[in-house]
Amino acid sequence: MNKKIKIVIGVLAIVGIIGLIVLAIYGIMKGFSFFATLVPVYISGSLIVLGILSIIAGKLFLRKKNVYKKIAPKHIVLETPLYADLIYIIGIILLSLGLLTFGPVFSYLKDYRFMLGFMIFFILITMVVMVFRLMYALHDKIEVTSNFIRYDDPNEKSTLTIEQSQIIEILHLKVFSFSHYGYSENAYNFELFIKYTNSKDEEVTLALKPEDMNLKLELLVESIAECSYPIVMRSKKILEGIEWEGHHFI
């Protein structure tokens, strides 16, 4: 990424976060319903619609053809376009601002102060966390070749390169969720782990989280398989420690 673009994005992020903090403090002092009396419903409604459309547009730009780059037969780079991340961030901010100033919501919940306060707190926290996370992960990428896997940690300013000879196991784990109905074969999510030997000859297990970079997990699994790394498939139930082979439900 161009250095000037990084500086501009950093400045905008700092200004935006300071603005959110000021908004939160002022809202706590005045009561967030105060904003709803200042902002017309049609404006806050438009912000909500624009926010939703921006989030959808940002997701559409994350299709395989935009994030999957095949440099060579066994050299793949997974990387989100800068504009997709920015559109998604803008969508989150617009949607949050629209919800925080939407009069009908405050009118409906005015007698439920705890629920209203929880909703406002949740919106603010979600907005700040998502903006921080995406800003931190901007232009992070995952590079997979037949010789190594290079992973930009989305939560740190570090890049980890794992040589093919260091890899012990790559685990594609299917985790079945639990609800008040119990376990179901239709309620699950996938996780991906890579076990390798570090420079100190210690075994390390790393959870790969491409979704923190706005990348789909299945694309990373596909890239790893295409570069001829064996992938072990196991399953487990979220509240139980026992794993079994395969992705079938037991």
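Rings of Phe, Tyr and Trp (its six-membered ring) pair if their centres lie within 6.5 Å; planes under 30 degrees apart count as stacked, over 60 as edge-to-face and the rest as tilted. This is a predicted model, in which local features need pLDDT of at least 70, side-chain atom pairs count only at pLDDT 80 or more, and totals for chains, interfaces and linings use all residues. Residues are numbered from 1 along each chain as its sequence is written, and side-chain values use heavy atoms, with hydrogens and water left out.

**Exercise 1.** Find how many aromatic pairs the whole structure holds, and classify the pair of F176 and F249.

*Solution.* Step 1: a search of the whole structure gives six aromatic pairs. Step 2: the ring centres of F176 and F249 are 4.9 Å apart and their planes make 65°, an edge-to-face pair. Step 3: the two residues lie 73 residues apart in the chain, so this pair links distant parts of it.

**Exercise 2.** Decide whether F176 and F249 are buried or partly exposed.

*Solution.* Step 1: buried means under 20% relative accessible area, exposed over 50%, partly exposed in between (1.4 Å probe, protein chains only). Step 2: F176 has 0% relative accessibility, so F176 is buried. Step 3: F249 has 32%, so F249 is partly exposed.

**Exercise 3.** Which residues form one aromatic cluster with F176?

*Solution.* The cluster consists of F176, Y188, F190, W244 and F249.

Notes. Helices (H or I, at least four residues) and strands (E, at least two) are DSSP runs, numbered from the N terminus.
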